[in-house]
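The points below may be read beside the sequence and the model.

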Protein chains: 10
Amino acid sequence: MTPIMSKSDAAALVVASRIRRGLTWAKIAEEIGAPIVWTTAALLGQHPMTQTQAQQVCRLLELGKDVAESLQLQPYRGADQAQLADPTIYRFVEALSVYGPALKELIHEEFGDGIMSAINFRVDISRRPDPDGDRVVVTFDGKFLDYRC
Amino acid sequence: MTPIMSKSDAAALVVASRIRRGLTWAKIAEEIGAPIVWTTAALLGQHPMTQTQAQQVCRLLELGKDVAESLQLQPYRGADQAQLADPTIYRFVEALSVYGPALKELIHEEFGDGIMSAINFRVDISRRPDPDGDRVVVTFDGKFLDYRC
Amino acid sequence: MTPIMSKSDAAALVVASRIRRGLTWAKIAEEIGAPIVWTTAALLGQHPMTQTQAQQVCRLLELGKDVAESLQLQPYRGADQAQLADPTIYRFVEALSVYGPALKELIHEEFGDGIMSAINFRVDISRRPDPDGDRVVVTFDGKFLDYRC
Amino acid sequence: MTPIMSKSDAAALVVASRIRRGLTWAKIAEEIGAPIVWTTAALLGQHPMTQTQAQQVCRLLELGKDVAESLQLQPYRGADQAQLADPTIYRFVEALSVYGPALKELIHEEFGDGIMSAINFRVDISRRPDPDGDRVVVTFDGKFLDYRC
Amino acid sequence: MTPIMSKSDAAALVVASRIRRGLTWAKIAEEIGAPIVWTTAALLGQHPMTQTQAQQVCRLLELGKDVAESLQLQPYRGADQAQLADPTIYRFVEALSVYGPALKELIHEEFGDGIMSAINFRVDISRRPDPDGDRVVVTFDGKFLDYRC
Amino acid sequence: MTPIMSKSDAAALVVASRIRRGLTWAKIAEEIGAPIVWTTAALLGQHPMTQTQAQQVCRLLELGKDVAESLQLQPYRGADQAQLADPTIYRFVEALSVYGPALKELIHEEFGDGIMSAINFRVDISRRPDPDGDRVVVTFDGKFLDYRC
Amino acid sequence: MTPIMSKSDAAALVVASRIRRGLTWAKIAEEIGAPIVWTTAALLGQHPMTQTQAQQVCRLLELGKDVAESLQLQPYRGADQAQLADPTIYRFVEALSVYGPALKELIHEEFGDGIMSAINFRVDISRRPDPDGDRVVVTFDGKFLDYRC
Amino acid sequence: MTPIMSKSDAAALVVASRIRRGLTWAKIAEEIGAPIVWTTAALLGQHPMTQTQAQQVCRLLELGKDVAESLQLQPYRGADQAQLADPTIYRFVEALSVYGPALKELIHEEFGDGIMSAINFRVDISRRPDPDGDRVVVTFDGKFLDYRC
Amino acid sequence: MTPIMSKSDAAALVVASRIRRGLTWAKIAEEIGAPIVWTTAALLGQHPMTQTQAQQVCRLLELGKDVAESLQLQPYRGADQAQLADPTIYRFVEALSVYGPALKELIHEEFGDGIMSAINFRVDISRRPDPDGDRVVVTFDGKFLDYRC
Amino acid sequence: MTPIMSKSDAAALVVASRIRRGLTWAKIAEEIGAPIVWTTAALLGQHPMTQTQAQQVCRLLELGKDVAESLQLQPYRGADQAQLADPTIYRFVEALSVYGPALKELIHEEFGDGIMSAINFRVDISRRPDPDGDRVVVTFDGKFLDYRC
């Protein structure tokens, strides 16, 4: 009996194969018919895939059954502090630090006491052309859940 | 000579007056003709207002010149850990922890090495009706900046 | 214009009046017709009350309008580390540290990938007589939410 | 002489075998006649098993004597911060942060000065059907211990 | 309505009166007929006193009813990091860091899987004459509690 | 040249051999004629042993010269946070948090300004029978050292 | 006897007066004939001023002798974490996190084993016009100190 | 499929080869025609190199294709706390702690509300001869970005 | 009854009076006939003074009885992180970080297993003229204490 | 190409050889003609050695060229928190916490605004016989550097 390959080891192999074969995350997402942010997050170890999805990915990337098995494992979700300090990710952290309390006020104003679900939830990213420089547009879209006692 | 009122004291008075007069953040934003998330963040102490904006807000909320002076002050931006742990804000923090590395990958795939600016940047929030329960939709929209040496 | 009384100041007055008048939390909860754990948490500053609830509490405890106004305010929720280190609360923290990963496994086994909501959620506490010493029984009851992309 | 296999290595093998053989935690708990949350926690490294329990588990999962030896070892109990930040576990942490002080008040109101034991203690989990979505119900049940000098 | 005096304010008055009147902690403990370590801890804010104990202390120290009321309040127990870093207290912290794992091994060897209760528990301190310099002897005495599922 | 075996690796082998041979810590302490808490702590890596002690232990436990060499090494003393959070050890940490300031007051009252040495110091543990459940009794015994300038 | 006004209180009055009188930091630095970054840092509480400098500043800003006294006080230097997290300051922190190890390599390559002094040191800031947007140019200039034994 | 060599492993090989061949960072930067601080940072793992740059470096240093592949990988940027505490790097950290708030004031005075970009940014280092001891001169040069809503 | 003035408030008054009267720490130490580092530390709140010492200091500095009472109080010893980060103090912290493990090796080589006492201990500071710039010489002098079981 | 041996691996081999050959740190320092504290710190990884020093050490200790190469590498200096918590080192940390602010006051009183250099700096250790028990005497000797703008 051997342990199941860790999701970080599986992610390292997915990344290596993706780069060496010149495949985009978009192409992989298309292959399995799932949203691109979700697919990327799943392959980096943040979501379990179905058996079918894992097998499709491993066929496309020519990875073994041990990787496919790992991709189906239920993960411990979350990034560590070193990842969140990377400048590309940190700008989102900073934006939350600046705008988080305002978002809280406006959620309560519009919806009442409650939260935006981070589970019944999706994230999208797109590029918006702009003459002053194209823009990164990221949308967080979650069901409102009201506090109930 | 007295010190300028702190932005947190000014924010407490803005909140008190807003609630007692039954005014929404939307109404205040409309009054000064600025985006609603920006306006709310500014009044909570995260942005300096122009003299005109500060005076309009204080007239609407019947607050004194000391508040108007404080609203124009250049802030130290950022929320503390206790604020970020509030469940309504924490769901955004959690979403970043789960999706941050995926967003990083996709920004690099689409734009190359760089970041989404958090300065040349805006946040919007809206309500999207949904038969399974309405949804909170928050959009982060920032100019892409590429790393240059 | 004065700021709204902070929820911690309001809680200190609620506690003082409750003790001096010899009233139980159970009695206050009964007065407003709300569950006891929810009511206690709300009065300690963790939930906003409706105007009616706040007024009923302040009438019962002979507290002023400033307290009633504070009780209706939307809170920043959460306890600080010093509170969580109190032995009576810490035993719950320790239990989560020991049983949290097992609960995660069993939630996934029974429900699939998702979480127990902490928003559509309630807590109850009761005393169960036992010849070896009565027992504290605390029940967490939250809607299952499945991860969706 | 070789060191005893660490409990985390043993847990990784238990998990791998459990998944590959399609066995549930419920089935394993039944096999050794112990409560399901306790059994799961023990196999994840939080409780020592008796020799009999360890051998039953290893027979069922076709694991070696080194695993059985490890399962009997007295553990260092507790989860790390990364585990507690997983969304499925974090909801319990958040609930304690919101309701912990209220639970403390109500334990003291009902029992006097003391704590709910986390040692003479058990946890149960169940699924409660609900037309608005089934619910996760977790019960903490510990003996009350009063402070004595 | 005024809030109940905080236990740290009450402790500061107890200490001031104790020093100005030249009373020892031993004398106060004797006055209320309780163990000396418990009494000192209680007056520093770590245990609630009965009404009788609080009134006896306040009579002896000529303190007001507000102090007596505070002494009866249920506390949040625990010291902060700055207190634990004081050299006189830190030596105990260091001793636990050096001997804690050994004590754990020996508790398990002698009693099985379980803990020494910190609730059904008392601490004593005494001076033991020694020709090489007198010694501080501190005894921790708690009921063994065995883990039960 | 090979590095000296780390004290944690040596401890892991001591523990493995002790368990497999069914030897108690008490038996090992008796073998080398040293106090039981000291011996256990030393074998877990907290004290250097003399060559004679190390050889006696390794003969009894049938461990190699590399282990004996490691046991004589001067250690870096101390436990990590994960060890101190284990419930069996944590109860001592909690007791210090509750009673540390009181012990400080009483040491100063009895001895003046100074500390209990944690170096000229010993710890003992014993079991005290009690009809309500046997008790763990741990004694800290250190020389008083007075602050001198 | 009253305590000397804290340097943060003095800084708050300097800032208030500077803003209300419409004076720039550059104007104040010119008044005392000291470098602008040094002057600004000193008035924010990071350097002691000479009596002459303090009096010149207070005359210009019409502040009292208590402020002048405070400005001469020897400070505890340093910013707190909340200040360093402000986006305008954080970009420097991030630049150090990205380039710090490279600067270390190059200092050692050019000068040998040693450091850039932060004491025999000055900072300058200037604006460099650029058709793609003007640039902030900050220069750190410190004496090289070589490690000596 | 093997994972791509980590950037820290690649950096360790670059450093080893650079030292053994007696090459300076300046020489390597010249080879690839890029600024010296940027080149050093990139080789230590803080920037991705182009394929051409990576191949030039590996040819010069006689390193393999696995290193060249790693050098092109998009990094997680940032140093850890242990690196920032090295005295040579720490002096920069300390300078920011002392002068950071002053730089913030002066950026706002000169440019208005905004930041110095750390992305559209470069760092230079030079040696300035000085009769009292040569000086390390480090220049941070970043585009000003103004806050926009 | 009023609380005893805190040692930090007393220190602030000592500092204010010392500066306004132009007295050195050396002069105050001479007045009470105690070592200069000890005296300065005591007046900053780190040691209790005798009644005689406290009265001498207050007479010299023309401070009230409330200050004298505070100076005799038994302190909680220790500096906070902000103080230790001040550059003048931090250089000592850094020196310990660089040389601490070496000092440990050499104490063990010369004295065996044990420590330098920080209680039976004194610190001296002096100025040593040097043509390359005068030097600060600080001596730590503590009794060796050997570990005993 | 292989990476250069890490300085901690080199230190482990130096320690192993030193102990097995019965050599003191004093003997090694004498061999290379360098101060003993500096030499010990360098061999533990805190200073780079010259090629000659490294070769002399490796000849004396019969260590290989890989160790000699590592000893010449420029280090990242500093100890980690676990090392600083070792009782023998911690006593120095504690002494700084108690006396650091006093040393700061006295450096400023004697020298003006500035610091003791930790770079142009040396540490010595000696044993001072004393009838009440020999004493550890550690001297920090650094050049005074005055703050200059």
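**Note on chain contacts and symmetry**

1. Chain H and chain I bury about 480 Å² between them, and carbon and sulfur atoms account for 43% of that area. Buried area here is the accessible area (1.4 Å probe) that two parts lose on being put together, summed over both. On the side of chain H, the residues that lose the most area to chain I are Tyr90(H), Arg91(H) and Glu94(H), which together make up 74% of what that side buries.

2. The model is a predicted one, in which local features need pLDDT of at least 70 and side-chain atom pairs count only at pLDDT 80 or more, while totals for chains, interfaces and linings use all residues. Residues are numbered from 1 along each chain as its sequence is written, chains are lettered from A and ligands numbered from 1 in the order in which they are written, and side-chain values use heavy atoms, with hydrogens and water left out.

3. How many residues of chain H are in contact with chain I? Five residues of chain H touch five residues of chain I, contact meaning heavy atoms within 4.5 Å. Two salt bridges are found across this interface, a salt bridge being a side-chain nitrogen of Lys or Arg within 4 Å of a carboxyl oxygen of Asp or Glu. Glu94(H) and Arg91(I) are joined by a salt bridge, with 2.7 Å from N to O. By class, the side of chain H that touches chain I holds three nonpolar, no polar and two charged residues. In this classification Ala, Val, Leu, Ile, Met, Phe, Trp, Tyr, Cys and Pro count as nonpolar, Asp, Glu, Lys and Arg as charged, and the others, Gly among them, as polar.

4. The interface of chain H and chain I also has two residue pairs in polar contact, both residues of a pair being at pLDDT 80 or more. A polar contact is a pair of N or O atoms within 3.5 Å; within protein, one must be able to donate a hydrogen and the other to accept it, and residues adjacent in sequence count only if both atoms are side-chain atoms.

5. Chain A contains seven helices and two strands, in the order α-α-α-α-α-α-α-β-β from the N terminus. Helices (H or I, at least four residues) and strands (E, at least two) are DSSP runs, numbered from the N terminus. The C-alpha trace of chain A spans about 55 × 50 × 30 Å along its principal axes.

6. Between chain A and chain B, 68 residues on the side of chain A are in contact with 68 of chain B. The two chains bury about 6400 Å², with 68% of it on carbon and sulfur atoms. Tyr99(A), Val136(A) and Phe140(A) lose the most area on the side of chain A, together 11% of what that side buries.

7. Twelve salt bridges are counted between chain A and chain B. Glu105(A) and Arg18(B) form a salt bridge, their closest N and O atoms being 3.8 Å apart. Among the elements that give two or more residues to the side of chain A are α2 (25-32), β1 (114-128) and β2 (135-146), while α7(A) gives the largest share, 24 residues. By class, this side has 36 nonpolar, 15 polar and 17 charged residues.

8. Chain A is superposed on chain B by a rotation of 180° with 0.0 Å of shift along its axis (RMSD 0.0 Å). Thr139(A) comes closest to that axis of the residues of chain A, at 2.2 Å (C-alpha). The copies meet through the same surface, because 100% of the interface residues of chain A are also interface residues in chain B.

9. Some pairs of chains have no contact. Chain B and chain J are not joined, and their closest C-alpha atoms lie 24 Å apart. Chain D and chain J do not touch either, with nearest C-alpha atoms 18 Å apart.

Conventions:
Copies are superposed by least squares on the C-alpha atoms of residues with pLDDT of at least 70 in both.
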